[in-house]
Amino acid sequence: MKLPIFQDDKSPFYLKQIATSLKFSIYLPDDYIIYKDDFGSEMYFILEGKVNMLSANESKIVFTLDQGNYFGEIALFIPNTRRICSVVAETYCQLFILHKVDLEKLCERFPALEQKFKKECERRLAEYNMKQ
């Protein structure tokens, strides 16, 4: 599993907990994965392919993410936050999905993971807002 966010702890217990929490999904080019303003109940990790994060009015691509990246975490970690943008598959995509309930269990077991995600959420939100 080549997901850099999870590479700090290589213990078998840690990796097993993460691997058993992830669900596999496939998206085709131009499929919407996330819709702006929806309530978030999961986040996504890119195994293969590229996705585009769109501007608030969907008129331009703000970021393109590819293998090893993740998205959808902001609505899970920042209270009372809906999806800040729509995300569309640019290419054929293989994604892992991590549902909020499973993420909460992982963060209880591994507090450092939660802190890492929260810090990255704040950075990404600021960066996204600057590109609008």
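**Exercise 1. Find which residues Ser86 touches, leaving out residues up to four places away in sequence.**

Step 1. Start with the location: Ser86 sits in the loop between α2 (74-77) and β7 (87-89). Helices (H or I, at least four residues) and strands (E, at least two) are DSSP runs, numbered from the N terminus.

Step 2. Collect the neighbours, where contact means heavy atoms within 4.5 Å. Beyond residues up to four places away, Ser86 touches Tyr32, Ile34, Tyr35, Lys36, Asn52, Met53, Leu54 and Glu58.

Step 3. Look at Glu58 again: its side chain and that of Ser86 are joined by a polar contact of 2.6 Å. A polar contact is a pair of N or O atoms within 3.5 Å; within protein, one must be able to donate a hydrogen and the other to accept it, and residues adjacent in sequence count only if both atoms are side-chain atoms.

Step 4. Ser86 counts as buried because its relative accessibility is 1%. Buried means under 20% relative accessible area, exposed over 50%, partly exposed in between (1.4 Å probe, protein chains only).

A note on the model: it is predicted, so local features need pLDDT of at least 70 and side-chain atom pairs count only at pLDDT 80 or more, while totals for chains, interfaces and linings use all residues. Residues are numbered from 1 along each chain as its sequence is written, and side-chain values use heavy atoms, with hydrogens and water left out.

**Exercise 2. Work out the strand order of the open sheet of 4 strands, and what packs on the sheet.**

Step 1. The order is β2-β7-β4-β5, with antiparallel pairing. Two strands pair if DSSP finds at least two bridges between them.

Step 2. At the edges are β2 (32-34) and β5 (61-65), each pairing on one side only. From one strand to the next, the twist averages 30°.

Step 3. Zoom in on one pair: β4 (residues 51-54) and β5 are antiparallel over 4 bridges. Here Asn52 has Thr64 in β5 as its bridge partner.

**Exercise 3. Describe the aromatic pair of Phe13 and Phe110, then that of Tyr32 and Tyr35.**

Step 1. Rings of Phe, Tyr and Trp (its six-membered ring) pair if their centres lie within 6.5 Å; planes under 30 degrees apart count as stacked, over 60 as edge-to-face and the rest as tilted. By this rule the count comes to 7 aromatic pairs.

Step 2. Phe13 and Phe110 make a tilted pair, 6.1 Å centre to centre with 55° between the planes. This pair links distant parts of the chain, 97 residues apart: Phe13 is in helix α1 (residues 12-19) and Phe110 in the loop between α3 and α4.

Step 3. Phe13 counts as partly exposed because its relative accessibility is 49%, whereas Phe110 is buried at 12%.

Step 4. Tyr32 and Tyr35 form a stacked pair, 4.9 Å centre to centre and 10° between the planes. Tyr32 is partly exposed at 31%, and Tyr35 is partly exposed at 45%.

Methods. Axes fitted to C-alpha atoms, helices over the stretch in contact; angles between N-to-C directions.
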